[in-house]
Amino acid sequence: MNTGQDVQLDELDARLIELLAEEPRIGVLECSRRLGVARGTVQARLDKLVGRGVVGGFGPDISPAAIGFGVTSFVTLEISQRHGHDQVTAHLAAIPEVLEAHTITGSSDLLCRIVARSNTDLQRVIDQIVASEGIRRASTIIALAEQIPYRTLPLVRSAARGEGRAPA
């Protein structure tokens, strides 16, 4: 996976990523037809995008709300420096409702996005999270409504146009 390198995208990369995002079940041959390039070009571009970590997967996007997890919240965690991140991360990874966790700067150490079936169920999930002796404090914010869903296509388009790059 690429971390920290400035991966260059061009318009063909952006169009390919957009096509795959809109129609994830489309095949390479159909991509080549729609993009007006050779099948081998599409396959080579796709292989490079995967190899550089730009494209991380082709699985379905799952809606937690559609499978009964209608409450989304964000939890910041302060961890005991004595226990470190690894023990806490392993604990969090074992909880299915923890969708992601990031080490952060500031007064807390980790930021997690979690889901639950209800507010009552959210308490159960939080209790499970703070059961780790490595977690000293948790602070929870409940999301009321999703205003902008997770997205990357506007970023891909911007990168393909060369926007946001520092001057050389």
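A salt bridge is a side-chain nitrogen of Lys or Arg within 4 Å of a carboxyl oxygen of Asp or Glu. The structure holds 10 of these salt bridges. This is a predicted model, in which local features need pLDDT of at least 70 and side-chain atom pairs count only at pLDDT 80 or more, while totals for chains, interfaces and linings use all residues. Residues are numbered from 1 along each chain as its sequence is written, and side-chain values use heavy atoms, with hydrogens and water left out.

**Exercise 1.** Describe the salt bridge between Glu30 and Arg34 and the network around it.

Solution. 
Step 1: the contact. An N to O distance of 2.9 Å links the side chains of Glu30 and Arg34.
Step 2: the position. Both residues belong to helix H2 (residues 28-35), and because they are four residues apart, about one helical turn separates them. Helices are DSSP runs of H or I with at least four residues, strands are runs of E with at least two, and numbering starts at the N terminus.
Step 3: Buried means under 20% relative accessible area, exposed over 50%, and partly exposed in between (1.4 Å probe, protein chains only). Glu30, at 24%, is partly exposed, and so is Arg34, at 39%.

**Exercise 2.** Which side chains meet Arg124 in salt bridges, and where do the partners lie?

Solution. 
Step 1: the partner in a loop. Glu97 meets Arg124 with an N to O distance of 2.8 Å. Arg124 lies in helix H5, whereas Glu97 is in the loop between helix H4 (84-93) and strand S2 (98-103), so the pair ties together parts that are 27 residues apart in sequence.
Step 2: the partner in the helix. Asp121 meets Arg124 at 2.6 Å, N to O. These two residues are three apart in helix H5, about one turn of the helix.
Step 3: Arg124 is partly exposed at 38% relative accessibility. Glu97 is buried at 9%, and Asp121 is buried at 12%.

**Exercise 3.** Find the backbone atom that lies 2.8 Å from a polar atom of the Asp121 side chain.

Solution. 
Step 1: the location. Asp121 is found in helix H5, which covers residues 119-130.
Step 2: the atom. The backbone nitrogen of Arg117 lies at that distance of 2.8 Å.

**Exercise 4.** Which side chains of strand S1 are buried, and which strands pair with S1?

Solution. 
Step 1: the faces. In S1 (residues 71-79), side chains alternate: Val71, Ser73, Val75, Leu77 and Ile79 point to one face and are buried.
Step 2: the pairing with S3. Two strands pair if DSSP finds at least two bridges between them. S1 and strand S3 (residues 110-116) run antiparallel and are joined by seven bridges; Leu77 stands opposite Leu110.
Step 3: the pairing with S4. Eight bridges pair S1 with strand S4 (residues 135-143), again in the antiparallel sense. Ser139 in S4 is the bridge partner of Thr76.

Note on methods
A polar contact is a pair of N or O atoms within 3.5 Å; within protein, one must be able to donate a hydrogen and the other to accept it, and residues adjacent in sequence count only if both atoms are side-chain atoms.
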